Amino acid sequence: YGLKEDFGEKFDFFSLSTSDNQNRDAFLDYGIRAVPTFIIEDSKGEILFRSSGRANNKVFQSRFEEILNTN
């Protein structure tokens, strides 16, 4: 299973590549200095969660569920 499959109807998922120069502004705007960096933001652009390094689906799953339960 994957997070996008589990939560794709409730959240939008985006992926940026460091090899694509068009993403440069997004990396600067979000202050991304490490790859990978994972960010969850609300519809107003407020960052709800930020993590750099190796992804742990259990951490993200609990964070997604927490966000759904509080909104």
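## Loops, rings and a pocket in a predicted model

Glu 46 sits in the loop that runs between β1 and β2 (47–52). Strands such as these are DSSP runs of E with at least two residues, helices are runs of H or I with at least four residues, and both are numbered from the N terminus. The structure is a predicted model, in which local features need pLDDT of at least 70, side-chain atom pairs count only at pLDDT 80 or more, and totals for chains, interfaces and linings use all residues. Residues are numbered from 1 along each chain as its sequence is written, and side-chain values use heavy atoms, with hydrogens and water left out.

Leaving aside residues up to four places away in sequence, Glu 46 touches Ile 40 and Glu 41; a contact means heavy atoms within 4.5 Å. Between the C-alpha atoms of Glu 46 and Phe 27, which are 19 residues apart along the chain, the separation is 16 Å.

Two other loop residues can be described briefly. Pro 36 is placed in the loop between α2 (24–29) and β1. The peptide bond that joins Val 35 and Pro 36 is cis, with omega about 0 degrees. Most peptide bonds are trans. Asn 23 is found in the loop between α1 and α2, where Asn 23 touches Leu 16 and Ser 17, not counting residues up to four places away in sequence.

Is Asn 23 buried or exposed? Asn 23 has 12% relative accessibility and so counts as buried. The term buried means under 20% relative accessible area, exposed means over 50%, and partly exposed lies in between, with a 1.4 Å probe and protein chains only.

### Aromatic rings and the core

A pair of aromatic rings is described by the distance of the centres and the angle of the planes. Rings of Phe, Tyr and Trp (its six-membered ring) pair if their centres lie within 6.5 Å; planes under 30 degrees apart are stacked, over 60 edge-to-face, and the rest tilted.

| Pair | Centre to centre | Angle of planes | Type |
|---|---|---|---|
| Phe 7 and Phe 11 | 6.3 Å | 75 degrees | edge-to-face |
| Phe 11 and Phe 64 | 4.5 Å | 50 degrees | tilted |

Phe 11 is buried at a relative accessible area of 14%, and Phe 64 is buried at 5% relative accessibility. Phe 7, Phe 11, Phe 13 and Phe 64 make up one aromatic cluster.

The largest nonpolar core consists of eight residues: Leu 3, Phe 7, Phe 11, Ile 40, Phe 49, Phe 60, Phe 64 and Ile 67. Such a core is a set of buried Ala, Val, Leu, Ile, Met, Phe, Trp, Tyr and Cys residues joined through side-chain atoms within 4.5 Å. At least two residues of this core come from each of α1 and α3, and α3 gives the largest share, three residues.

### The largest pocket

The largest pocket holds about 1000 Å³ of space. Its lining has 31 residues, and the closest to its centre are Asp 12, Phe 13, Phe 14, Ile 39 and Ile 40. A pocket is an open set of points on a 1 Å grid over the protein atoms alone, where a 1.4 Å probe fits, with protein on both sides within 12 Å along at least five of seven lines; lining residues have an atom within 4 Å of a point. The volume is the space filled by probe spheres set on the points, which are joined across faces, edges and corners.
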